[in-house]
Amino acid sequence: MEFNATEAPTAKGAWSLLSSAPLVCYVILVLMGILGNSVVICVVGEDIVRKQKGGRSSDMILVNMAFTNLMVSIVRNLLLVLTDMGIEMLPSKVWCQVLMGIWVWLRCANVWSTFFVSAFHFQTLRRVAPPVASLKRGPPPSLLMGFGLIWTLNLIYSVPAFMFSTKGGKNATETLMLVSSTTRPLLGCLWNFPSVYSGLAFATTSMVIHEIIPIVLMSITNLGSLLTLYAHGNKHHPTHKSEHAPVTNRVPAERRAAKVILALIILFITSWGASVVSVNYFNYNRGPSSAYMLIIARFSNSAFIALSPFILAVGHRRLRAVLKSVLTCKCN
């Protein structure tokens, strides 16, 4: 991202390093994100539609997270690949404002959708009675409210991207980058804040709201889920099982779900943490390693999107079955 575009050979040279093997690896990573999340949406979504009653809230949350992953891959990462391959796309100022707003909106929604997975599991384990939604058709109102808040609040947050972005020239390079949006002047679209201080204030706010806070919250909720399962696992007896028993009596299944969510969080923190370090190194320390840090940011931004479907397949029965059938057909 950029504030008042200037020529910066170090930053500009970063992308010239993606000319052979690194570019191929990045293309594979982007394609994995598109194909993997498409499979999650189709398989889990078909399972939701096939079952008539409610109670599939966890699958709906997984589909929502996979949808944000897929949209970021198509709307942002795929365009990065096309421009690296030499396809020149220079939108107008209006289109830059629209695209920048969409990029910020999708990236932020992707972060909070990932947190929603951990928060919902923690809330499910804390529940001491069967959900009312299981007795009637349709998703619970609290779930719909959660989806509405994620998409609406992040749309409001992305308003500055519609306002303070503009079209840059062919030689435009970054002087200010934001983690919650794109990490380069994609398609020549740049940040154009009124002042340096307002740009840094927005970048700092973005890092706190959409990086630090969700990472802390998802870590706390997942730790709470693991501790809850550990406590109930120690005092779990077959005599406690009944039709109206707490959901935490399903310790083995819930423990497996907690481990899958823990793996997602570790992957999220690793990939986004590497991106945060790389981007802030570029923002505040333009040393000789800036070019390589930008490449690390690009790969780390796509790592979670590409690898999360495989982690979900480990813990989701339906995804596991589809994956096994595909591998069996290929082996035969």
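This report describes the fold, surface, pairings and selected residues of a predicted model.

## Basis of the model

Residues are numbered from 1 along each chain as its sequence is written, and side-chain values use heavy atoms, with hydrogens and water left out. Because the model is predicted, local features need pLDDT of at least 70 and side-chain atom pairs count only at pLDDT 80 or more, while totals for chains, interfaces and linings use all residues.

## Overall fold

The protein has ten helices and two strands. Helices (H or I, at least four residues) and strands (E, at least two) are DSSP runs, numbered from the N terminus. Along the sequence the order of elements is α-α-α-α-α-α-β-β-α-α-α-α.

Of the 332 residues, 49% count as buried. Buried means under 20% relative accessible area, exposed means over 50%, and partly exposed lies in between (1.4 Å probe, protein chains only). Contact means heavy atoms within 4.5 Å. Among the contacts with a separation of 6 or more, 86% are between residues 24 or more positions apart.

## Surface

The protein exposes about 15900 Å², and carbon and sulfur atoms supply 70% of this area. Accessible areas come from the Shrake-Rupley method with a 1.4 Å probe; for residues, only the protein chains shown count as cover.

A nonpolar patch on the surface is formed by Val 94, Trp 95, Val 98, Met 145, Leu 149, Leu 153, Leu 155, Ile 156, Val 159, Phe 162 and Met 163, with about 1100 Å² of accessible area together. The elements that give two or more residues to the patch are α4 (93-126), α5 and α6. Helix α5 gives the largest share, five residues. Patches are made of residues with over 30% relative accessible area and no salt bridge; like charges are joined within 9 Å, and nonpolar side chains (Val, Leu, Ile, Met, Phe, Trp, Tyr) within 5 Å. Val 159, one of the patch residues, is found in helix α6 and counts as partly exposed at 37% relative accessibility.

## Aromatic pairs

The structure holds eleven aromatic pairs. In one of them, the rings of Phe 268 and Phe 304 have their centres 5.3 Å apart and their planes at 90°, so the pair is edge-to-face. The pair links distant parts of the chain, with Phe 268 in helix α8 (residues 251-284) and Phe 304 in helix α9, 36 residues apart. Both Phe 268 and Phe 304 are buried.

Rings of Phe, Tyr and Trp (its six-membered ring) pair if their centres lie within 6.5 Å; planes under 30 degrees apart count as stacked, over 60 as edge-to-face and the rest as tilted. One aromatic cluster is made up of Tyr 157, Phe 164, Trp 191, Phe 193 and Phe 202.

## The salt bridge

A search of the whole structure finds one salt bridge, meaning a side-chain nitrogen of Lys or Arg within 4 Å of a carboxyl oxygen of Asp or Glu. The side chains of Glu 46 and Arg 318 meet in it, at 3.3 Å from N to O. This pair links distant parts of the chain: Glu 46 is in helix α2 (residues 21-50) and Arg 318 in helix α10 (residues 317-331), 272 residues apart. Glu 46 is partly exposed, with a relative accessible area of 35%, and Arg 318 is partly exposed at 33%.

Arg 320 also lies in helix α10 and is partly exposed at 27% relative accessibility. Not counting residues up to four places away in sequence, Arg 320 touches Ala 313, Val 314 and Gly 315. Its C-alpha atom is separated by 9.3 Å from that of Phe 310, ten residues apart along the chain.

Ser 158 sits in the loop between α5 (141-157) and α6 (159-163). With a relative accessible area of 0%, Ser 158 is buried. Leaving aside neighbours within four places in sequence, Ser 158 is in contact with Gly 101, Val 104 and Trp 105. Ser 300 lies in helix α9 (residues 290-315) and is buried too, with a relative accessible area of 8%. Beyond its neighbours within four places in sequence, Ser 300 is in contact with Ser 271, Ala 274 and Ser 275. A polar atom of the Ser 300 side chain lies 3.5 Å from the backbone oxygen of Ser 271.

Pro 194 is in the loop between β2 (189-191) and α7 (196-234). Pro 194 is exposed, with a relative accessible area of 64%. Pro 194 and Phe 164 are 30 residues apart in sequence, and their C-alpha atoms are 7.8 Å apart in space.

Terms used. A polar contact is a pair of N or O atoms within 3.5 Å; within protein, one must be able to donate a hydrogen and the other to accept it, and residues adjacent in sequence count only if both atoms are side-chain atoms.
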